[in-house]
Amino acid sequence: MMELLRERKYLQFLLLIVIFILMCKLIPATEGNWLWRLPSLLAQFPTFIYESVTFLMEDWWLIDVYDPDINEYEQKPLVREITRSIAAAVLFMIELVREIMLGGVKTIVAFTSWDYVSDNEWAELPGLPWTVVTGGVAILGYHLGGIKLALFAGLSFVYIAVFGQWEPSMQTLSFVLIAAPMAILIGLLLGIWGYKSKTVANILDPILNVAQIMPHFAYLIPVVVFFSIGDHAGAVATIIYATPPMVRLTMLGLKKVPPEVTEAGRMSGCTDWQLMRRVLIPTARRDILIGVNQVIMQCLAMVVIASLIGAKGLGSNLLIALNGLRIGLALEIGVCIVLIALVLDKLSLAWANKPTDYFADQSFKQRHKHSLWFLGVFVVGVLLAWIGSFQFKEGFNYLNVIPHNKGITTEPFWQWGVDKIWDTFFYPLNEFNKWFIVEVLAPVKKAYLAMPVAATFTLAMGTAFIVGGIRSALIVGGYLLFIALTEWWDRALITAYLMTMAVLIAGAIGIVVGTLCAQHSTTSRMLLTWCDTLQTFPSFIYLIPVMMLFGVTDTSVLIAVVVYATIPAARYTVVGLNSVPASLHDAATMSGVNRIQRFLSIELPMSFPHLALGINQTVVFALAMVVIGALIGTDDLGQLILGSLSDREGVGTGLILGFCVAFIGLAIDQILRTWANQRKAALGIPD
Amino acid sequence: MATETSIASEPVIRCESVYKVFGKNAKRMMKECGGVVDPVKFREADCIVGVDNASFEVHQGELLIIMGLSGSGKSTLLRCISRLTQSTAGKIFIEGQDITSMGNRQLIKLRRNKMGMVFQSFALLPHKTVLENIAFPLQVKGISTKESIKRAQEMIDLVSLSGRENYFPRELSGGQQQRVGIARSLAIEPDIWFLDEPFSALDPLIRKEMQDEFLRIQGVLSKTILFVTHDFDEALRLADRIAIMKDGIIEQLDTPANIVLNPATEYVRKFTEEVPREKVLKIESVMDPVNPGDTFDDISVSSDAVIETVAEVVLNSRKPVSVVNGSGEVVGAVHASKLVSLLFGGHSKETLAQEALAQKTSDRAS
C-alpha cells in the first residue's frame with residue numbers, strides 16, 4: 001500500500017484531497033481556533049513600517065541646508081533632501097518636454113523666478129503647433145523606418161489631435177518620454193551589473209521575482225511617502241514599475257551571448273567598455289529590445305494608475321470617463337494610449353535596427369535632408385498657426401492646438417450603441433449577470449471563505465511537497481504563513497477566488513484556442529500576432545468593453561481578467577505545441593498513429609512544460625488584473641490597497657497588502673515552475 | 001615551409017610547462033602536486049585538468065596544428081596562448097614577452113596589433129554587416145571609419161566575397177560566414193594567426209574548398225599559425241608540424257611524415273593506421289642512397305614531393321628515378337619496386353580487410 005502510494009503521484013493527490021475535505025468538514029469555524037484562522041500577529045507591522053518611514057523622512061540624519069529665502073542654514077533630514085532633489089530634477093525634465101509641446105512658463109521659472117515671469121510677458125515657451133509635432137513624428141518615422149512607419153506615426157498623431165485629446169496626450173507623452181528612457185537606462189545598468197557580478201545577480205533575482213507580481217498600486221504608496229504627489233511621483237512610480245523586466249531581459253540577453261562571440265570581441269582587442277558596448281549589448285539586442293518594448297508598455301499601462309497620484313494626462317481623463325460611465329469617451333482615450341504606445345515602440349525598434357551605409361558619399365543636403373524637412377514643416381506649421389490666430393475668432397486656434405473636447409468625437413455613436421445593447425439585451429444580460437453572480441460566483445466565494453486555514457495550508461503545501469519535495473513545501477508554506485499572519489487572510493481568499501476562477505476559465509479557453517490554432521502554421525502565426533497586439537494594450541483598456549455590458553459588478557472584473565489572462569495561456573499553448581520536433585511527428589506518423597492519438601500521446605506530453613509556464617503567466621496576468629479590477633469595485637486585497645492610497649498612514653498597509661498579492665503569485669509560481677522544470681528535465685528539453 | 005630560415009631567431013610562440021586546471025581549488029592543487037598532475041586525484045578535488053605540461057615552440061612562418069578529439073584540451077591550450085583563459089601554471093612567451101603576466105592594457109595592445117583568431121562557430125557579430133564585421137577590429141583600435149572600411153574592402157577581395165559587403169551574417173552560408181571570420185581575423189595584419197577548428201562546422205565539400213582557400217591565403221601571407229582541429233586528415237594536409245593531444249597531454253609533436261612513420265604512442269598509432277602513406281610521405285623517406293654506376297631514367301623528382309603526386313611517373317619508368325634536392329643536386333634514387341610495396345603491399349588496411357573477409361567466410365561455412 002505504502003509502496004504504491006510512493007510511486008503513484010495521482011494517488012498521493014487523491015489522498016491529499018481527501019484529507020483536505022475532511023479538514024474542511026471537521027475544523028469548526030470558531031473565533032480563537034488557530035486551525036480555523038491564525039491570529040494576526042503581523043497586525044502591528046504596517047504601523048511599524050509607517051513609523052520607520054516617517055522617522056527616516058523626518059528625523060534621521062539631519063544635515064545643514066542653506067536656505068536662500070531666509071539667508072540661513074537650516075536642519076533638514078538627509079533622505080528628504082535627496083528625494084526632493086530627485087523629484088525636482090525629474091519634474092524639471094517632464095516640464096521641459098511638456099512645454100516644448102504645449103507651451104508654458106515653468107521651465108523659465110526654474111531658471112529665474114515667478115516674479116521674473118510675471119514681470120516679463122514674453123518669458124513663456126510658446127509650444128509647438130500640433131501640425132509641427134505631427135509632421136516631426138512622421139519625418140522621424142520616415143527617417144528611421146520608411147514610408148510605412150511615417151504614415152502610421154503621422155496618422156496616429158492626427159487622430160490624437162483631431163479627437164481633441166492633444167493636450168492630455170502630450171502631457172502623457174512628456175511623462176513617458178522621461179520615464180521610459182530612465183527606466184531603460186537604469187534597467188540596462190542594473191542588468192549589466194548583474195551580468196558581471198554573481199553576487200548582484202543573486203540579490204537582484206528575488207527582488208525581481210517579487211517586483212514582477214507586485215500589483216501596480218502597491219508601488220504608489222511608498223512613492224507618495226518619499227516623493228509626495230504630482231507628475232514626478234507618477235514618473236518615479238512608473239520607473240520603479242517598468243525597470244524590473246528591463247533588468248531581467250538585459251541579464252538574460254547578455255547571458256545568452258555565445259562565448260565565442262565574446263572571445264572574438266576580446267581577440268579583436270576590445271577594452272571592457274568596447275566589449276560591452278559594441279559586442280555584448282548589440283549581440284544581446286533581441287532580448288534587450290524586448291525589454292525596451294516591455295518598458296514602454298509598462299509605462300503606458302502605468303499612465304492610468306500614476307494618475308491616481310497626480311500624473312496629468314490621458315490617465316486621469318480615462319479614469320474620470322470610466323467613473324462617469326462615458327464608455328465612448330473612455331474608448332477614444334484608450335485608443336490614444338494604445339497609439340502612443342505603438343508609435344513609441346515601433347520608433348524605438350526602428351531606431352535600434354537602422355543600418356548605416358558607408359559607401360554613400362553624401363552631400364550636406366542629403367545627409368541632413370530630414371532635419372531640413374523638419375525645418376520646413378516647422379516654418380509652415382508656425383505660419384499656419386499664425387494665420388489661424390486671425391481666422392478663428394472665438395479664441396480657439398485649431399491650427400495651433402485643437403482644444404480638449406473640441407475635436408471630433410464618436411462618443412454619441414458609442415453611447416447610442418451601449419444604449420441600444422442595454423435596451424435590447426438588458427433583460428438577458430441582466431439575467432445572466434444575476435444568475436452568474438448568485439449561482440456561480442457567490443457560492444464559490446463562500447466556499448473559499450469557509451476553508452479553515454489549516455486545510456488551505458495542507459492543500460497548498462501538500463501539492464508543493466508532491467511536486468517538488470520538502471523544499472518547495474517549505475517555500476510555499478512560508479509565503480502563505482506571511483499572508484495568514486496579517487489581518488487580511490479573508491481578503492486574500494477573495495483575491496484567490498477571483499484569480500482561480502479567472503485562471504480556470506482563461507486556461508481552458510486559451511488551451512483550447514491555442515490547440516486549435518496550432519494545427520496550422522497560418523492560424524498559429526495569426527494567433528501569435530493577435531497575442532502580441534492584445535498584450536500591447538494597457539491592462540486597463542480591457543475594463544472598458546465589459547463595463548459596457550455588465551456594469552460595475554464582479555462579473556465585469558472576472559470577464560476582463562479572463563480576457564486579459566487568456567493571452568499568455570493561448571500563446572504558450574501554441575508555442576509549446578509548435579516546438580515539438582518535426583522528426584518526432586514523422587516518427588509518430590510512421591508508427592501509424594491518427595491525429596488524436598498523436599495529439600494525446602506525443603504533442604500534449606511534450607508541450608506540458610510550456611503549458612505549465614503558460615498557466616504560470618496566466619496567474620501573473622490574472623492577479624495583476626484582479627487588483628486593477630479594484631478600480632471598478634471589488635472587495636478583495638486590491639480594494640484595500642486602493643483604500644490605503646488615500647490613507648495618510650497607509651504606506652505600511654499598502655506595502656504589506658502588495659506583498660500578500662505577490663506572495664499568492666509566488667506560491668503558485670513555485671509549484672508550477674518546479675513542475676515544469678522537472679518535466680523539462682525528464683523530457684530532455686533544454687531551457 | 002619556412003622552418004629552416006628561422007631556427008636561429010627567437011620562436012614566435014614558446015610554451016614552457018603550461019598547465020590549465022579548471023575548478024575552484026585549481027591553484028591550491030597545482031601548488032600541492034609539485035608538477036606531477038594526477039588526474040584522478042584532481043577530479044576528487046573537483047578539478048578538471050585541461051592542459052597538462054605543454055611545452056613547445058612555434059617559429060616564424062610555421063603552421064603548427066594541434067590535433068585531438070573533443071575534450072583533449074586542444075582548444076583550451078589555444079585559449080591559454082591567446083590568453084582568453086588564464087593558464088594555471090607555466091609560462092607562455094609571444095615574441096619573447098611573457099603573456100601570462102601581462103596587464104590588461106598590454107594584452108589589448110598585443111591583440112590589436114599582433115593576433116587574429118578564427119572561431120569554430122564563426123562568432124560574427126549578428127548586428128553588423130559583412131563589411132562592418134571585418135572593419136570591427138580596426139575600428140576598435142581607433143582607426144578612422146574611412147580608412148578601416150577601405151582596409152576591410154581589401155580583405156573582402158582577399159577572401160573572394162566581393163558583392164556581399166552589405167549582407168548580414170544570417171544571410172550567408174556557413175562557408176561564406178567563415179570567410180568573413182577569416183577576413184576579420186586578418187584585418188589588422190596580425191603576425192600570429194589562431195584558428196580554432198575553423199572548418200569543423202562546414203560540409204565536407206565546402207571544407208575541402210576552404211582548406212584550399214586557406215592554403216592559398218597562407219601562401220600569400222605566410223603567418224605564424226596555430227591551428228586546432230579534430231580532423232587528422234585535415235592536420236596531415238595542412239600542417240608543417242602536428243601536436244597530438246590526449247587528456248591534456250601532448251602525446252607527440254612532429255612533422256606529419258614522422259608521425260605516420262614513427263607514432264610515439266599506441267594512441268597516435270591508432271590515428272595513423274588508416275592513413276594512406278603515399279598521401280603523407282615524401283619521396284626522401286623511400287629513396288635509396290645513390291650507388292656509383294647506377295643508371296637513371298631521364299626524368300628526376302624533387303625530394304620533398306609527396307609520393308602520391310609523383311608515383312605515376314616513377315612506376316612508369318623502367319629504370320630507377322633520380323631524386324634531386326632544392327638546389328638540383330642528386331641526393332638519392334627511387335625504385336619502382338619500393339613504391340609498389342608501399343602502395344600495395346603489407347598495408348595494415350589491406351591486412352585488416354583480408355582478415356575480415358576470412359572471418360566472414362568461416363562464419364558462413366559454420
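**Exercise 1.** How far apart do the C-alpha centres of domain 2 of chain A and domain 3 of chain A lie? Work out also which elements build the side of domain 2 that touches domain 3.

*Solution.* Keep in mind that this is a predicted model, in which local features need pLDDT of at least 70 and side-chain atom pairs count only at pLDDT 80 or more, while totals for chains, interfaces and linings use all residues. Residues are numbered from 1 along each chain as its sequence is written, and chains are lettered from A and ligands numbered from 1 in the order in which they are written.

Step 1. Chain A is divided into domain 1 (49-119), domain 2 (166-339) and domain 3 (491-683), with bounds that come from an automatic or database domain assignment. The C-alpha centres of domain 2 of chain A and domain 3 of chain A are 22 Å apart.

Step 2. In this pair, 26 residues of domain 2 of chain A are in contact with 29 residues of domain 3 of chain A, where contact requires that the C-beta atoms of two residues, placed from the backbone, lie within 7 Å.

Step 3. On the side of domain 2 of chain A that touches domain 3 of chain A, at least two residues each come from α10 (198-213), α11 (216-227), α15 (285-306) and α17 (327-352) of chain A. Helices (H or I, at least four residues) and strands (E, at least two) are DSSP runs, numbered from the N terminus. The largest share of this side, seven residues, belongs to α11(A).

Step 4. By class, this side of domain 2 of chain A has 22 nonpolar, four polar and no charged residues. Here Ala, Val, Leu, Ile, Met, Phe, Trp, Tyr, Cys and Pro count as nonpolar, Asp, Glu, Lys and Arg as charged, and the others, Gly among them, as polar.

**Exercise 2.** Describe the open sheet of chain B, beginning with the order of its strands.

*Solution.* Step 1. The open sheet of six strands in chain B runs in the order β6-β7-β8-β3-β9-β10, with mixed pairing; two strands pair if DSSP finds at least two bridges between them.

Step 2. For a parallel pair, take β3 (residues 63-67) and β8 (residues 224-229) of chain B, which are joined over five bridges, and in which B:Leu63 has B:Ile225 as its bridge partner.

Step 3. For an antiparallel pair, take β9 (residues 241-246) and β10 (residues 249-254) of chain B, again with five bridges, where B:Met245 stands opposite B:Ile250. These two strands form a hairpin with two residues between them, and B:Asp247 in the turn has a positive phi of about 50°.

**Exercise 3.** Is A:Ser156 buried or exposed? Find its contacts as well.

*Solution.* Step 1. A:Ser156 lies in helix α8 (residues 147-162) of chain A.

Step 2. A residue is buried if 20 or more other C-beta atoms, placed from the backbone, lie within 10 Å of its own, exposed if 12 or fewer, and partly exposed in between. A:Ser156 counts as buried because it has 23 C-beta neighbours inside 10 Å.

Step 3. Leaving aside neighbours within four places in sequence, A:Ser156 is in contact with A:Leu339 and A:Val343. A:Ser156 and A:Val338 are 182 residues apart in sequence, and their C-alpha atoms are 9.8 Å apart in space.
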